[in-house]
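Here is a short report on one protein chain. Look at the sequence and the structure first, then read on.

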Amino acid sequence: MRVNIRDYIVSTLKQTVKGVEINEERYNTEQYAVKGATLEISGKKIKLRPVSFNYRGRTVIEGELIKQTECFPHIALKDLSEKILYIEHMDDISIFHHIIKSSPSAVITNTPVKKPLNIKEFPVFYVPSILNHNRVKIKISIKRKNLEFKNLFCDLGVGAYFVYLHFPFDQIYSRPDSIEFHSSFQVFLKLVKKLIEVKHPRGYRIRALLSDMQFADYTGFFKHMEKMDRERIISIFHIENCGLGNEKLILKNRKNLLDLFHYRKISKLFMENKTEIKGVKLKDFSVIDKIDIPIVWFASQPNENMYSLKKDFLNEKLIDNCVSSLFFVINRIYRKI
């Protein structure tokens, strides 16, 4: 029997932050999913596996098949309108930021895509077999669903300005036993508990936010932010894809996530602690950069098994190490401000 992820999160959170008021926000949205898809070639039908959602366009897509052994960012300069892009191999799914700009009718790949992709412009499919054709037809069925979702948040300390601890989840796609969800959720819980029981910084308020619809472009997160005065938000510590070891400081996605102040200050803090943190570009498909507020994100990358392994494969010490690093930075980064 599948565990209700929201019930699991609420009950676990209440056990962790006893004595702290938990606030709730409710919203409604709609979501589209491709429920079935077939590829028709030379009188044969091949079943396609949908790996994206929220496409709401044509149910019959036909066109020239544009084959790419690999895909590089310059794909954004091509006009693939009314064409179907076929990619044999992808190093990482951040390439979809560039593919979207080329406007294909659909994308087919031989590379398994483990993370659900929220792409409205075209559907994305996985197929294990190699395709050697010039023109193909795709038939799909689409289902629409109305969804109610809710965010949870609690505040630690007082002050007119906020530093956020943000943990995103998804009521449809998140699983309590997946290594991607479990590691990040445990980092979030342990960090909040440590800030309550040991020490939280003075002079501003820590808001711990759990937002729903993670894979739908962080819909819950951005809905919450619509109600906030962003001039009062100092930064956001984004708790996603962490606690697996090999954490890197994410400097940019499509654009910079950190300003020079935060990058220098975090680098200096790690040097003072005689540890090292490497700054890198995100190798994932994410739109968190739309917020235009400094985002501190320690993500475990590269990690090819992020969206496929169960939590049983996780070394819990890696979670504690990540919590210690975040606790250290949060309590010192704004000390002199």
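## A buried partner and a partly exposed one

Arginine 254 is partly exposed, with a relative accessible area of 42%. The side chain of arginine 254 meets that of aspartate 289 in a salt bridge, with 2.5 Å from N to O. This pair links distant parts of the chain, 35 residues apart. Arginine 254 sits in the loop between strand E14 (247-252) and helix H5 (260-272). Aspartate 289 sits in the loop between strand E15 (279-281) and strand E16 (295-296). Aspartate 289 counts as buried, because its relative accessibility is 3% and buried means under 20%.

Keep in mind that this is a predicted model.

How many salt bridges does a search of the whole structure find? The search finds 16. Side chains of opposite charge can pair when their charged atoms come close.

One of the bridges joins arginine 144 and glutamate 30, with 3.3 Å from N to O. Arginine 144 belongs to strand E10 (residues 135-156) and glutamate 30 to strand E1 (residues 23-41), so this pair ties together parts that are 114 residues apart in sequence. Arginine 144 is partly exposed, at 46% relative accessible area. Glutamate 30 is also partly exposed, at 33%.

Another bridge joins glutamate 24 and arginine 26, with 2.9 Å from N to O. Glutamate 24 is partly exposed, with a relative accessible area of 41%. These residues belong to a network: salt bridges link Glu24, Arg26, Glu148 and Lys150.

## A patch of positive charge

Which residues gather in a patch of positive charge on the surface? They are Lys199, Arg202, Arg332 and Arg335. Take arginine 335 from this group. Arginine 335 lies in the segment after helix H6 (316-330). With a relative accessibility of 52%, arginine 335 counts as exposed, because the cut-off for exposed is over 50%.

## Cysteines without disulfides

The structure holds zero disulfides. Cysteine 154 is buried, with a relative accessible area of 1%.

Now turn to cysteine 242. The closest cysteine sulfur to its own is in cysteine 322, at 4.2 Å. That is still too far for a bond, because a disulfide needs the two sulfur atoms within 2.5 Å. Cysteine 242 is buried, with a relative accessible area of 1%.

## Backbone angles to look for

Most residues other than glycine have a negative phi, and most peptide bonds are trans. Some places in this chain depart from that pattern.

Aspartate 217 is not a glycine, yet it has a positive phi of about 60°. Aspartate 217 lies in the loop between strand E12 (205-211) and helix H4 (219-226). It is partly exposed, with a relative accessible area of 23%. Asparagine 241 also has a positive phi, near 55°. Asparagine 241 lies in the loop between strand E13 (233-238) and E14. Is asparagine 241 buried or exposed? It counts as buried, at 4% relative accessibility.

The peptide bond from glutamine 301 to proline 302 is cis, with omega near 0°. Proline 302 lies in the loop between strand E17 (298-300) and H6.

## Sequence and space

Asparagine 303 lies in the loop between E17 and H6. At 29% relative accessibility, asparagine 303 counts as partly exposed. Along the chain, asparagine 303 and leucine 244 are 59 residues apart. Their C-alpha atoms are separated by 8.6 Å.

Leucine 77 and arginine 49 are 28 residues apart in sequence. From C-alpha to C-alpha, they are 28 Å apart in space. Leucine 77 lies in the loop between strand E5 (60-70) and strand E6 (83-89). Its relative accessibility is 77%, so leucine 77 counts as exposed.

Methods: Residues numbered from 1 in each chain as written. Predicted model: local features only at pLDDT ≥ 70, side-chain atom pairs only at ≥ 80, totals over all residues. Heavy atoms only, no water. Patch = residues over 30% accessible without salt bridge, like charges linked within 9 Å, V, L, I, M, F, W, Y side chains within 5 Å. Areas by Shrake-Rupley, 256 points an atom, 1.4 Å probe, with all protein chains shown as cover. Salt bridge = Lys/Arg side-chain N within 4 Å of Asp/Glu carboxyl O. Lys, Arg positive; Asp, Glu negative; His and termini not counted. Charge placed at Lys NZ, Arg CZ, Asp CG, Glu CD. Helix = DSSP H or I, 4+ residues; strand = E, 2+ residues; numbered from the N terminus. Buried < 20%, exposed > 50% of the residue type's maximum accessible area, 1.4 Å probe, protein only.
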